[in-house]
Protein chains: 2
Amino acid sequence: LVFFEGPAAVSAVFTKSSFRAAPVVIAESRISAGGVRALLINSGNANAATGSSGHEAALGLCDTVAHALGLDGATVAPFSTGVIGEQLPFERMNSELPGLVNSLAADGWLAAAAAILTTDTAPKVISHQVPLGESSVTITGMAKGAGMIKPDMATMLAFICCDAAIEGACLDTLVREVADASFNRITIDGDTSTNDSFVLAATGANNLPHITEVGSPEYAVVKAALLHVARHLAQCIVRDGEGATKFVTVNVTGARESNEALDVAYTIAESPLVKTALFAGDPNWGRLCMAIGRAGVADLDAARVDVYLGELCVVRGGLKDSKYEETAGARVMALDEFEIRVELGRGSADAVIWTSDLSYEYVRINAEYRT
Amino acid sequence: LVFFEGPAAVSAVFTKSSFRAAPVVIAESRISAGGVRALLINSGNANAATGSSGHEAALGLCDTVAHALGLDGATVAPFSTGVIGEQLPFERMNSELPGLVNSLAADGWLAAAAAILTTDTAPKVISHQVPLGESSVTITGMAKGAGMIKPDMATMLAFICCDAAIEGACLDTLVREVADASFNRITIDGDTSTNDSFVLAATGANNLPHITEVGSPEYAVVKAALLHVARHLAQCIVRDGEGATKFVTVNVTGARESNEALDVAYTIAESPLVKTALFAGDPNWGRLCMAIGRAGVADLDAARVDVYLGELCVVRGGLKDSKYEETAGARVMALDEFEIRVELGRGSADAVIWTSDLSYEYVRINAEYRT
């Protein structure tokens, strides 16, 4: 449970899935109406594909929390993550809620981050402070997610709060800009969840003037700090990817437009053959060419494509670089973290995304675990 | 080596990859120019991303075969499958070609089908005869492929020959129609090869009148027989999918148009979470809803979606069917072969594709094998 002691500006982005979970529908409506004061988050059950009883259950839990906090029911927004298609254990959850309200604590972030995990192996939480004007801005956030990760708007449950005062329209822009450059740039398995939600709250507790203009110097300072926090959380999710043994940055440059660069980056990052080569530490650049080739870039001239593993040029002009030696490629691929860079040679747009490998462990986890 | 004793009509479809292999470029040009009399196929080396030396090597091998057959070099079309980015062992291959020509045999299909395999575990070959007019049509085909399989035009090397006489324009239509309903309806891992080629040759050896009109009764008979052969080969590829333990038909009905149905079918078939659930035999219908939800169908109303495992209704109107019991779902999922049907409830278009599961063995094969 996240509670704002005073009124806060809250914006959010949610999954674009057609099978949106009940809490997603309710939270989006309440956050967009304004006045949200608390976020109620559960893991273990996604409350998705649960029809009207799932909807009623989420509303009922919010009402209980609101009552205990002395608030109106519509000021509580619900979030769920876990198994799809099962009804919430309403009575069991409902009876615990007054105790949850009583145990609210300003230093409860780590406990909350730990409570919302499913197949995650570690809590994902960060706090970050930057100076601004006469004072500073403190930003604290948490996230969960390790599988079913290809956020399309936001990722599987991330919550970031800051104590700056930010006006609603400004915050709406900020949440989108931050999501697009962080949670919307990761993929573990290309599977987009029914419950993805990213919430950004601005409490104004730092008593600095309201930030009212997109692109103002104060906006830029807060945005940079938020990006630092959001990227950290997003990268934590990739590092904790189901069965992940590698953290790989895919950087596509020289595209005509950024969507083209993103298409190539995601095709590489989601190719099972590339991902198994990452797992094997095999500098199998032919599979990178395969993925680039099938990314759907119109009129791509393979003879202008270069590929780098870290600093090492592997492919130049569409074929093996004359100086490349496989032992050097294998040294890069043996690292826990490295970059794959693809230069398309047709423009100046680029895109960076982060991904993990495909291991036996991914298969084991998802053959054994019920999402 | 496939050799047509007399002139034959030959049409083909090839990968849409931007990284097309040298033999693909040469074969497409020669088949489109007409007069092709022989197909030279190698496995173990894809001759892709090999630049001008790869191109010259393919031309040189074709010349040697043409010389031995007493033909012009441009009448031989080359095909390759195997590791990407390595140069062909030209001398070693070239010295074997005269012997290959000497060992040509009308009953050599099975040996040829076995010779072109890579990670495949069994040759894929079929012969089929249908009556037509006073005589009959005999169709014989072979294919290879087990990974890097999501054909986008045709699949990784399939060759079908028939003894009907079919005019060029007619054959061009036929090869596309057959590919679209067979090889272009399978996916193992969503990865499209640099070398996919599907060749259809009509020799006219049955001495029946030329088939000159798309949609004529004779065209329909031959097309149905070709589809039987092509689907058999395509399904052989899925059954032999790398590490595959299940053969699953994904049938999407009630779409507004067939592309919409295909988008949903491929999203299900390529979802790592769905594929690991197939491997586990886990009737995890929540993951099917997840995949349907992220398939990008505009304005899809989840409340109109039904999902069936075989004959068993699992999801009705977007949530668990009231009569569904998990033990019944588990019985279907325990089968080696079954159908997943999704009814979208918004139109009358449909699409069927065939796929396999994602197992430990897929990861092992592709972590250990160099494509």
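Reply: Happy to. A word on labels to begin with: helices (H or I, at least four residues) and strands (E, at least two) are DSSP runs, numbered from the N terminus. This is a predicted model, where local features need pLDDT of at least 70 and side-chain atom pairs count only at pLDDT 80 or more, while totals for chains, interfaces and linings use all residues. Residues are numbered from 1 along each chain as its sequence is written, chains are lettered from A and ligands numbered from 1 in the order in which they are written, and side-chain values use heavy atoms, with hydrogens and water left out.

Me: Thanks! Which strand is B:His128 found in?

Reply: B:His128 belongs to strand β5 of chain B, residues 124-132.

Me: And what is B:His128 in contact with, leaving aside its neighbours within four places in sequence?

Reply: Contact means heavy atoms within 4.5 Å. On that basis B:His128 touches B:Val137, B:Thr138, B:Ile139, B:Ala225, B:His228 and B:Val229.

Me: How many Å separate the C-alpha atoms of B:His128 and B:Tyr360?

Reply: They are separated by 36 Å, and the two residues are 232 residues apart along the chain.

Me: Switching topic: what rotation superposes chain A on chain B?

Reply: A rotation of 180 degrees, with 0.0 Å of shift along its axis and an RMSD of 0.0 Å. The two copies are thus related as by a two-fold rotation axis. The superposition is by least squares on the C-alpha atoms of residues with pLDDT of at least 70 in both copies.

Me: Which C-alpha in chain A is nearest the axis?

Reply: That of A:Tyr360, which lies 2.7 Å from the axis. As for the contact residues of chain A, 100% of them recur in chain B, so the same surface serves both copies.

Me: Now helices. At what angle do α2 and α3 of chain A cross?

Reply: Roughly 20 degrees, and the axes of α2 (residues 51-69) and α3 (residues 90-102) come within 9 Å. That makes α2(A) roughly parallel to α3(A). Axes are lines fitted to C-alpha atoms, for helices over the stretch in contact, and angles run from 0 to 180 degrees between N-to-C directions. Angles under 35 degrees count as roughly parallel, over 145 as roughly antiparallel, 65 to 115 as roughly perpendicular and the rest as oblique.

Me: Which residues make the contact between α2(A) and α3(A)?

Reply: Among them are A:Ala57, A:Gly60 and A:Leu61 of α2(A), with A:Phe90 and A:Met93 of α3(A).

Me: What about α7 and α9 of chain B?

Reply: Helix α7 (residues 258-270) and helix α9 (residues 285-293) of chain B pack at about 135 degrees, with their axes 8 Å apart. That makes α7(B) oblique to α9(B). B:Val264, B:Thr267 and B:Ile268 in α7(B) meet B:Leu288, B:Ala291 and B:Ile292 in α9(B).

Me: Last topic, rings! Where does the charged end of A:Arg239 sit?

Reply: Over the ring of A:Phe247, 4.0 Å from the ring centre. In chain B, the charged end of B:Arg239 sits over the ring of B:Phe247, 3.9 Å from its centre. The rule is that NZ of Lys or CZ of Arg is within 6 Å of the ring centre and within 35 degrees of the ring normal.
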